[in-house]
Amino acid sequence: MEHSNLVLFAEAILRAVLGWRMLISGLSNVRRWPNPVTTASILFPKGATFFGFVATVLMVAGGAGLAAGFQTPVSATMIIVFLIPTFFLHSYWLKVLPTMAPAVKNALKDEQAQNYFRSFERQAYHAHEVGIRDNLVFLAAACYFAVRGTAAFGMDNLIPTWVVWLF
């Protein structure tokens, strides 16, 4: 396979994987409703239902669009809009978890339960540290596709005159 074709194939795989990742998370939010509202209430105490709904729509529609290569610049922009507040959420939990952990640990009287909790505590904190870095990678990839669009192997290639370009 020629080098330029390999690049197009690699871009298509990256686009599909990023889209699939966002779509799966969005569908998880649909299944776990009203959990997205609870999460949104951390950043948006007023209007949490609206923002939880918007976040879920952005993930599902943006993820499906990216995965299929449909309206790729718009779909990628939807993912960007979703991802920006996630940095504030991860930062919030990195500040709050260390203050919550001692109270929960002290409430556990059983030594084995305390040991289990220490593992949960470390994993929860680590998940938010990694979440910031992961979302930075997702954001960079979404920015790339917002500008680049679908170069190959997407629905945009079948109907290129319908594609909405933002840049």
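A salt bridge here is a side-chain nitrogen of Lys or Arg within 4 Å of a carboxyl oxygen of Asp or Glu. This is a predicted model, where local features need pLDDT of at least 70, side-chain atom pairs count only at pLDDT 80 or more, and totals for chains, interfaces and linings use all residues. Residues are numbered from 1 along each chain as its sequence is written, and side-chain values use heavy atoms, with hydrogens and water left out.

Q: Which residue forms a salt bridge with E11?
A: Let's start with the atoms: the closest N and O atoms of this pair are 3.2 Å apart. E11 sits in helix α1 (residues 3-31) and its partner in helix α5, so the bridge ties together parts that are 137 residues apart in sequence. Helices are DSSP runs of H or I with at least four residues, numbered from the N terminus. The partner of E11 is R148.

Q: Is E11 buried or exposed?
A: Buried means under 20% relative accessible area, exposed over 50%, and partly exposed in between, with a 1.4 Å probe and protein chains only. R148 has 37% and counts as partly exposed. E11 has a relative accessible area of 10%, so E11 is buried.

Q: Roughly how are α4 and α5 oriented to each other?
A: Helix α4 (residues 72-107) and helix α5 (residues 111-148) pack at about 160 degrees, with their axes 8 Å apart. Axes are lines fitted to C-alpha atoms over the stretch in contact, and angles run from 0 to 180 degrees between N-to-C directions. Angles under 35 degrees count as roughly parallel, over 145 as roughly antiparallel, 65 to 115 as roughly perpendicular and the rest as oblique. That makes α4, relative to α5, roughly antiparallel.

Q: How far apart in space are L97 and R122?
A: L97 lies in helix α4 and, at 19% relative accessibility, counts as buried. L97 and R122 are 25 residues apart in sequence. From C-alpha to C-alpha, their separation in space is 9.8 Å.

Q: Which element has the highest mean pLDDT?
A: pLDDT is the predictor's confidence in each residue, from 0 to 100. The protein chain averages 94, and 99% of the residues score at least 70. Among its elements, α5 has the lowest mean, 93. The highest, 98, belongs to helix α3 (residues 48-68).

Technical notes
Helix = DSSP H or I, 4+ residues; strand = E, 2+ residues; numbered from the N terminus.
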